[in-house]
Amino acid sequence: METCRRREKKLSNKWASTVASILIQCTSGSLYTFSVYSPALKFTQGYSQSTLDAISVFKDFGANCGVLSGILYSHASDPRRRGGPWVVHLAGAVQNLVGYSLIWASVAGILRRPPVAVVCMFMLVAAHAQSFFNTADVVTAVQNFPEYSGTAVGIMKGFIGLSGAILIQIYQTVFNENPAAFLLMLALLPTINALLLMGFVRIYNASAAEEKKHLYALSLVALVVAAYLMVVILLENIFKWTFLLHLSALVLLLLLLFSPVFVAARALQGDLKNAEQTLPIEGVDQNSDPNQIEHYETIYDGEEDLTGSDYQIVPGDLNEEISKDEDNDQQLEKDLDLLQAMCTMDFWILFLAMACGMGSGLATINNIGQIGGSLGYTSEEVNGMISLWSIWNFLGRFGAGFVSDFFLHAKGWARPLFMAITLAALSVGHAVIGSGLPGALYVGSVLVGVCYGSQWSLMPTITSEIFGVGHMGTIFNTITLANPIGSYIFSIRVIGYIYDKEASGKGHKCKGTKCFMLSFFIMAGATLLGSLAALLLFFRTRYFYSQRLQVDQPSENCPASGPDGVPESITQTAASHLRCRSGIVSQAMESDLVRKRVWLVQVPAENFSFIASYVWSAGRASVT
């Protein structure tokens with residue numbers, strides 16, 4: 001029985017959940033492979049370029065319209081219901097299978113040419129699946145690592161940014177020159193992967209030992225994968241590869257992708273070791289009834305709800321002492337739903353910043369082929385820039401989360417400041433591309449790729465911090481709608497309009513810097529406006545972040561024993577561990593509890609439950 005319980009614990013923890021989310025993210029970026037199969041879709045269905053662009057717009061809207069996935073996540077993760085993130089993964093898997101299977105059937109000739117509107121719906125459903133995978137993995141990561149949410153979101157967003165390059169590597173090795181088979185793979189691989197791993201993705205409220213250290217290890221793995229893919233892409237564009245070389249590179253890539261499993265195993269080993277060392281120190285008699293010790297472990301690990309019907313709220317003067325700052329605490333910590341968030345100025349400032357930043361970035365990548373052709377770049381050079389885009393995208397997604405987390409904890413810099421900085425750099429990237437100077441497209445594509453990717457890490461994290469995690473999936477997916485809206489405005493109403501106006505001659509083509517210079521200068525100005533909006537958000541939330549840093553306590557170095565080696569009272573241990581691990585118990589509350597000097601060397605389960613209930617109720621009174 002004990003062996004089974006330990007085995008279950010090894011598979012049911014936040015590290016197993018994180019690794020499962022990473023592996024699901026690695027196959028969820030089919031959105032970024034549209035250029036692989038779009039020529040086959042265009043040829044088999046007899047589409048014009050404008051028709052194909054219309055289908056691409058539905059792809060963008062499907063991938064970025066994640067409101068339904070957010071609503072489903074909020075309901076599925078409600079502790080009053082029997083569900084969890086797996087419900088969201090399941091819904092995404094079904095949509096992925098249906099959408100890409102129907103597109104594959106159309107390209108393979110199994111379905112007679114469906115109307116364009118029907119194919120647009122196929123693409124919408126297939127792309128919409130990505131928002132479900134993304135919501136389940138990102139929001140769960142934020143809830144599992146609240147103190148390092150920026151790093152956690154950066155890891156998740158980084159791997160989905162790399163997934164396009166990963167899927168293309170599989171295509172070039174296994175399905176080269178067969179886009180119809182690649183579409184069938186897109187229907188099956190992400191679906192099967194999500195179904196196999198979704199059961200491991202769960203929410204764990206307990207903090208683990210040395211979270212930062214192990215998250216940094218996962219970040220290092222992501223960087224190694226990105227560097228490896230960049231080297232492979234560059235070598236593929238320089239040399240002609242044989243099948244054996246492609247196969248060897250793919251096998252090594254898969255080994256790298258599974259390396260987070262070893263990081264999770266090491267993290268779990270450290271957690272179990274710390275738990276074994278902590279129990280005797282905290283005054284639990286190891287000769288006590290095993291059921292009592294197991295009950296204590298369950299509460300200590302944060303796996304038991306201390307607010308259930310078995311516990312009573314204990315009144316006391318502690319609640320009265322804290323009630324003075326209750327209104328301010330509620331303002332800082334209260335979870336807002338979508339409608340409440342939309343009634344705030346911060347929501348619309350963030351929406352405007354994302355429309356300017358994400359929209360212009362997506363418009364750039366959607367038109368980079370046309371830009372390269374107009375400026376005289378070869379098709380090989382353009383394809384190389386498109387392939388490397390996923391690497392720059394990853395660096396922005398990962399780097400922004402990591403750097404903003406570091407400066408938030410080390411210097412107290414509010415996270416919106418980094419959004420303002422990256423949007424300003426994105427504006428510079430647009431201006432560089434618009435200049436049309438030799439090599440400007442290379443430099444500009446790197447700047448735009450990194451800064452565009454950084455918004456995908458910063459925006460969900462800022463959303464969770466300002467509006468709370470309770471409805472984070474719904475809120476950040478609503479803000480994500482700014483991406484396709486901005487892309488439509490910049491792609492169709494700015495870039496497309498000016499390009500058509502300047503184009504002439506056979507094929508309605510345009511050559512030279514005049515084709516895109518004005519467009520990119522307009523986008524540079526719009527992105528600068530987005531940077532100013534993010535700067536306004538920074539000034540509006542400075543006090544909020546300063547208060548948050550005062551409330552949050554580092555989870556490292558949680559005390560285990562009292563002065564002179566005397567074991568702490570269970571009361572002090574409960575308070576300090578809950579304070580260190582979840583940030584809900586202030587130092588004043590802890591000292592108040594310690595003043596009562598309730599010493600329990602022999603720990604009956606009901607006594608510890610009484611104290612834990614006291615701590616929990618006092619904590620909830622201060623922050624909810």
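Leu229 is found in helix 10 (residues 211-238). Helices are DSSP runs of H or I with at least four residues, numbered from the N terminus.

User: What should I know about the model first?

Analyst: This is a predicted model: local features need pLDDT of at least 70, side-chain atom pairs count only at pLDDT 80 or more, and totals for chains, interfaces and linings use all residues. Residues are numbered from 1 along each chain as its sequence is written, and side-chain values use heavy atoms, without hydrogens and water.

User: Is Leu229 buried or exposed?

Analyst: Buried means under 20% relative accessible area, exposed over 50%, partly exposed in between (1.4 Å probe, protein chains only). Leu229 has a relative accessible area of 0%, so Leu229 is buried.

User: Which residues does Leu229 touch?

Analyst: Contact means heavy atoms within 4.5 Å. Leaving out residues up to four places away in sequence, Leu229 touches Leu162, Ala165, Ile166, Gln169, Leu253 and Ile391.

User: Where are the buried residues of helix 11?

Analyst: The arc is taken from the directions from the helix axis to the C-beta atoms. In helix 11, His246, Ala249, Leu250, Leu253, Leu256 and Leu257 are buried. Seen down the axis, the buried residues of helix 11 fall within an arc of 120°, so they line one face. The face turned away from that buried side carries the exposed residues Leu244 and Leu255.

User: How far apart should the ends of helix 11 be?

Analyst: The expected span is 1.5 Å times one less than the number of residues. Helix 11 has 15 residues (243-257), so it should span 21 Å; its end C-alpha atoms are 21 Å apart, which agrees.

How values were computed
Helix = DSSP H or I, 4+ residues; strand = E, 2+ residues; numbered from the N terminus.
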